[in-house]
Amino acid sequence: KNSLRTTIYIDVPERDDDMYFVSQPGDRLDLLASRFYGNPDLWWFIAHINNLSSINVEPGTSLRIPVTAKLASGK
């Protein structure tokens, strides 16, 4: 029997050392995750923080980027 599990991600509180970034044409969350965290697979973390559901981001979108991805986990 195949079943799907839902991952519940923890809330990441806003901190004074969070970075804020305005997306430019051609930006995608995987590219931003690679730039800020050195790992494009963490694109979902930026999406979660900013309530986005896609790897693509419209130019001019303001994004909160936590300084660290150590809270990038789910249960």
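This is a predicted model: local features need pLDDT of at least 70, side-chain atom pairs count only at pLDDT 80 or more; totals for chains, interfaces and linings use all residues.
Colleague: Why is Asp 30 called buried?

Modeller: The relative accessible area of Asp 30 is 15%, and buried means under 20%. Asp 30 is therefore classed as buried.

Colleague: Where does Asp 30 lie, and which residues does Asp 30 touch beyond four places away in sequence?

Modeller: Asp 30 belongs to helix H1, which covers residues 29–37. Not counting residues up to four places away in sequence, Asp 30 touches Pro 40, Trp 43 and Ile 55.

Colleague: Why is Arg 15 called partly exposed?

Modeller: Arg 15 has a relative accessible area of 44%. Buried requires under 20% and exposed requires over 50%, so a value of 44% is described as partly exposed. Arg 15 is placed in the segment before strand S1 (19–22).

Colleague: What makes the link between the side chains of Arg 15 and Asp 17 a polar contact?

Modeller: The two side chains are joined at 2.6 Å, and a polar contact calls for a pair of N or O atoms within 3.5 Å. The value of 2.6 Å therefore meets that distance limit.

Colleague: Which residues touch the most other members of the largest nonpolar core?

Modeller: Of its 16 residues, these are Leu 29, Tyr 37, Phe 45, Ile 46 and Leu 63. At least two residues of this core come from each of H1, helix H2 (43–49) and strand S2 (62–65). Leaving aside neighbours within four places in sequence, Ile 46 is in contact with Leu 29, Leu 32, Ala 33, Tyr 37 and Ile 65.

Notes:
Residues are numbered from 1 along each chain as its sequence is written. Side-chain values use heavy atoms; hydrogens and water are left out. Buried means under 20% relative accessible area, exposed over 50%, partly exposed in between (1.4 Å probe, protein chains only). Contact means heavy atoms within 4.5 Å. A nonpolar core is a set of buried Ala, Val, Leu, Ile, Met, Phe, Trp, Tyr and Cys residues joined through side-chain atoms within 4.5 Å. A polar contact is a pair of N or O atoms within 3.5 Å; within protein, one must be able to donate a hydrogen and the other to accept it, and residues adjacent in sequence count only if both atoms are side-chain atoms.
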